[in-house]
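Morning, everyone. Let me put the structure up, then walk through it.

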Amino acid sequence: MELTGITKRFPGVVANHDIHLVVRKGTVHALVGENGAGKSTLMKILYGMQKPDEGTIAVDGEQVTFHSPADAIARGIGMVHQHFMLADNLTVLENVVLGSEKLHGIGAAARRRIEEISDRYGLGVRPDALVESLGVADRQRVEILKVLYRGARTLILDEPTAVLVPQEVDALFDNLRELKAEGLSVIFISHKLGEVLSVADEITVIRRGTTVGTAVPAETTPRQLAEMMVGSELPTPETAESTVTDRPVLTVDKLRLEAEGGRAVLDDISFTIHAGEVLGLAGVEGNGQTELIETLIGLRAADSGTITLEGQDITAWPTRRRRESGIGYIPEDRHRHGLLLESPLWENRILGHVTERPNAKGFWLDLKGAQEDTRRIVREYDVRTPGIDVTAASLSGGNQQKLIVGREMSHKPKFLIAAHPTRGVDVGAQAAIWDHIREARREGLAVLLISADLDELIGLSDTLRVIYNGRLVADADPAAVTPEELGSAMTGAASGHLEHTENTEEEAGPEDEAR
Amino acid sequence: MKKFDRERVLLAVAGPVIALVAAILLTSVVLIASGKSPIEPYLLMMEQAAFSDVQVLIVNQASMYYLAALAVAIGFRMNLFNIGVDGQYRLAAMMTAVVGAHLALPSFLQIPLLLLVGMLTGAFWAGIAGVLKVTRGVSEVVATIMLNAIATSLIGYLTLKDVWGVQVGNNMTTGVMNESGWIPGIDLGPEVGEIYGLVFLSVAMGVAYWIVLNRTRFGFDLRASGESETAAAASGVDARRMVLTAMLISGAVAGLSGLPLLLGDVHTYSLSFPTGLGFTGITIALLGRNNPVGIAFAALLIAFLDKASPALDYATPVAYEKEIATIMQGLIVFAVVISYEAVRQWGLRRQQKRVGLELAAAAAAQNNSEKKKEVAAR
């Protein structure tokens, strides 16, 4: 399979730009990139769910156009979605034949075929089990079988390991090797570099919507991959002099958050952020960062532990009170949590601060005040827009983010949650956002910085912590640590205080309860 | 900036206009298919609208539709679908009638009290669905539909003779209300009829609706919840409280929607009290795009279809079925849903393109002027 020059535009953004990808028969080809780099869009194009604006797709040397997933399936391309698409109350057999009853009917012939596929690739699927009785890994195998049943020769797996525990991951990789040995091709999407290196034959890195290079696992290190993913030519986010004071602004003590069923999503999280300090939180996505942010902003209630803001226990406070008392929030998903996409910019300026000046006077909204202040933000934060009456959706991602940063900074927060503040933002806007964070830090702002961009983390933070499986497992001095060392802690391979050179304990001395 | 405002007006009007034109065309297709003139029924109905007694009927009917539609629109603005307006207003009208029949205070107390009874009853009935939603996660759609059915039975029970009912001929009523609770209307003479006094309440509620939604913090929270639940939550809106409040307000307004007729004309709740206002209200709220002015036009339009269509039955030389108006109302709902979504997406894309173009033009202009400066410097 070969993709050439694929470009896909959505209003306001270019999701994919000039993508080149060659997948050879009988290989596992990994596609890695940060979230938002454009992997999912590319996969949707491959699977016929979206049509590219430019570029061509060729299967077995023959140029094809997909109008729908059905076309893709007819060409032997199958997709295993990250979120399973199975009917719980049907059996495995029923789920597999559902929608493709024409292939082998729904009876004995279908069962034979399923058993045959299952044996051939070592999937170990029981056709009569009810899907609701199956675990996650089993369901995933049913999904894979479903795709194979429909005659797929190329399988796309979207973040297949996100839902699996390590042993299950190993089992999945064994399955993938079986598939490969039978001459099938697998496209494996992930941002977990360790896994990618262990299972893939070839790796294509995608960054900011375009393919930046291809690597062979044997000749590459996680560090090199990470560099390709993040892009080493980015401006470095260095902070010049330390502005850390000894006045604690936010203290989190033994915070614990449980998922349904009592599994800990966050466990024993303790840290303190002082005025003028940026605490960087490194970690592979899905290790509890989102939950931590949501607990801090009040969208989730902690199961135990306390959160203290400037001496006040805010653990039980609702979101609005937290925001009013000076917690700024740059959300990781600005479309879902930061903006009203179909509202004008000035209404978006009100969002999150509806009770505060200049947006409101008592019970009433102050439209003039809000609009005036929106114009100021547009000016000062260089939001590129023809006016403040256009909808947020019509701005590019970077300009949306600048508006959010401007909004949050306008209320003089004491504590700022900055989740991926420069994700999906062009290089110029990135530098501007860093500047704003640095400036606020000089004035005594405490910042929790969460980012997938390790250079950003190291460059901007005064203190670094690593989160793994919902626990803070390591800490480091950003002046002395390398992305590689951070990376190994992020995968759980290292813990405690990460030392680069001889011991310098001063940075993470007293509040070092994280291990 | 002006350009974008004009754009917004264009977009706001395009949806309803396209929907109405489509509905009229489709109705004509139905007429042609049944071998009738595809144009004459419209003319006949237009003729009706010229009579001032029909006009009064239309205005009176529209005032009730307007309140019902506002109640629905409040829910719509935060993605709550209060299908239960129908049960809420009927139960509220009945309770108001009962209280009005058994209580005799001076008018200046009686009338506000009766309005309050109507609002509280409506709010209570809608509140049940609200509580179920926030505590047990029951979809308000299901709960309010059920509550409609329960309201029907409850009203049937409460109007039994040995509860609060009074039998008048074949009709079960709640007895005639005390005159201190009658609201005088504007009498336009015996030939023309009387405009309900509570028509003005409808207008006032429309104004209040606009002010609350667009000028208050509460209204902003409500709209934000409707546009993006997640963004609203992150901005500090307590979703559960918001759902409950919105349901209560929606129910309270619903509770008012039967009162123009009850307090202005019939003065008793009986088997012949109109039903289905709530469902028509959904159509009207949709057609009016949840906008108070839009809803007013939509309410007048639907009231016009209602009140002008009976004449079709008596048309000479050829009579038409008055159900043509019903067909048209149904088609309007279809056309509205489709055309609004289409117009919305089209508008969004159009604006994105326009913003892109303007920014590009601005950038180009800047480059040019810089170049000119460079030239000048040389």
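Ground rules. This is a predicted model: local features need pLDDT of at least 70, side-chain atom pairs count only at pLDDT 80 or more, and totals for chains, interfaces and linings use all residues. Residues are numbered from 1 along each chain as its sequence is written, chains are lettered from A and ligands numbered from 1 in the order written, and side-chain values use heavy atoms, leaving out hydrogens and water.

Start with the six-stranded sheet in chain A. It is open, with mixed pairing, in the order β6-β7-β8-β3-β9-β10. Strands here are DSSP E runs of at least two residues, helices are H or I runs of at least four, and both are numbered from the N terminus. Two strands pair if DSSP finds at least two bridges between them. Which strands stand at the edges? β6 (77–80) and β10 (210–215) of chain A do; each has a single partner strand, so one side of each lacks a neighbour in the sheet. From one strand to the next, the twist averages 20°.

Now look inside that sheet. β7 (154–158) and β8 (185–190) of chain A run parallel, paired over five bridges. A:T154 has A:S185 in β8(A) as its bridge partner.

α6 (136–149) of chain A lies across β6 and β7, at about 165° to β6(A). Angles run from 0 to 180 degrees between N-to-C directions, with axes fitted to C-alpha atoms, for helices over the stretch in contact. Contact means heavy atoms within 4.5 Å.

Next, aromatics. The whole structure has five aromatic pairs over all chains. One of them is A:F173 with A:F188: edge-to-face, 5.7 Å centre to centre, 70° between the planes. The cut-offs: ring centres of Phe, Tyr or Trp (its six-membered ring) within 6.5 Å; planes under 30 degrees apart are stacked, over 60 edge-to-face, the rest tilted. A:F173 sits in α7 (166–181) of chain A and A:F188 in β8 of chain A, so the pair ties together parts 15 residues apart in sequence.

On to a four-stranded sheet in chain A. This one is open and antiparallel, ordered β12-β11-β14-β15. β12 (264–274) and β15 (312–313) of chain A are the edges, each with a single partner strand, so one side of each has no neighbour in the sheet. Helix α10 (289–297) of chain A packs on this sheet, touching β11, β12 and β14, at about 60° to β12(A). Two bridges join β14 (304–309) of chain A to β15(A). There, A:T308 stands opposite A:D313.

Backbone next. Most residues other than glycine have a negative phi, and most peptide bonds are trans. A:D268, in strand β12 of chain A, has a positive phi near 55°. A:R357 and A:P358 are joined by a cis peptide bond, omega about 0°. A:P358 is in the loop between α13 and β17 of chain A.

Last, chain B. α4 (85–102) and α6 (140–158) of chain B pack at about 25°, axes 8 Å apart. They are therefore roughly parallel. That label means under 35 degrees; over 145 is roughly antiparallel, 65 to 115 roughly perpendicular, the rest oblique.
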